[in-house]
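I opened my notebook to go through this structure. These are my entries, in the order I made them.

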Amino acid sequence: MTITHRNLDGYGAPPIGWDRVKAVLDGELTQAPGSGGPQRHTVWLTTINPDGSPHVTAVGTSQDNGSWYFTSGPATRKSRNLGRDPRCAFSVATEPFDLVIEGVARRVTSATELASVADSFVRGGWPCEVAGDALTAEYSAQSAGPAPWHVYRMEPSTVVALGTCEPFGATKFQLA
């Protein structure tokens, strides 16, 4: 993978190093209270409505083997939007950076990948299991709709990191 960057900082700070950003992207961003900033990590997913307007909703994520995954009920607006147009963005506040990750989300149907993702969610505290080509559990987010839930893998093309602590900075990364 080729990664290029552009310094967006207007105050003279050096570019943020990709290795620092990648460590956060590959790390665990739990949603437990008191586990991140501010007070916990909420990942916001933006999809594109049929009229071109944005649809923003919080999603639970799991990072596994360098990829970000989330679930969505088949009848939810985010699933319908992604079925029509896979372009989307995540945003999340972390201790060293506010991050925006743009790319596409692809539905996961491989039994092997679903099992790996389910294991990752279980390690993160959500007791789900594979059911056919989706996941199921006793509970999910209030807005998730009934089980089963489809699994999506985010394939990033752009990452913007905005420093929230010393040495601050703002850098845009293109991934190709």
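I looked up phenylalanine 121 and found it buried, with a relative accessible area of 8%. This is a predicted model, so I note the values as computed. Tryptophan 126 is buried too, with a relative accessible area of 11%.

Next I checked ring pairs. My search of the whole structure gave six aromatic pairs. In one of them, phenylalanine 121 and tryptophan 126 sit edge-to-face, 5.2 Å centre to centre, with 90° between the planes. Tryptophan 126 also pairs with tryptophan 149: the centres are 5.7 Å apart and the planes stand at 55°, so I logged this pair as tilted. It links distant parts of the chain, 23 residues apart. Tryptophan 126 lies in the loop between helix H3 and strand S8, and tryptophan 149 in the loop between strands S9 and S10. Tryptophan 149 is buried. I also noted a cluster, in which ring pairs link Trp68, Phe70, Phe90 and Tyr152.

Then helix H1, residues 18-26. Which of its residues are buried? I found Trp18, Val21, Val24 and Leu25. The buried residues of H1 pack against several strands, among them S1, S4 and S5.

Last, the cysteines. How many disulfides does the structure hold? I counted zero. The sulfur of cysteine 88 is 20 Å from the closest cysteine sulfur, in cysteine 128, which is too far for a bond. Cysteine 88 is buried at 7% relative accessibility. Cysteine 165 is partly exposed at 26%.

Technical notes
Residues numbered from 1 in each chain as written. Predicted model: local features only at pLDDT ≥ 70, side-chain atom pairs only at ≥ 80, totals over all residues. Heavy atoms only, no water. Disulfide = S-S within 2.5 Å. Buried < 20%, exposed > 50% of the residue type's maximum accessible area, 1.4 Å probe, protein only. Helix = DSSP H or I, 4+ residues; strand = E, 2+ residues; numbered from the N terminus. Contact = heavy atoms within 4.5 Å. Phe/Tyr/Trp six-rings, centres within 6.5 Å; stacked < 30°, edge-to-face > 60°.
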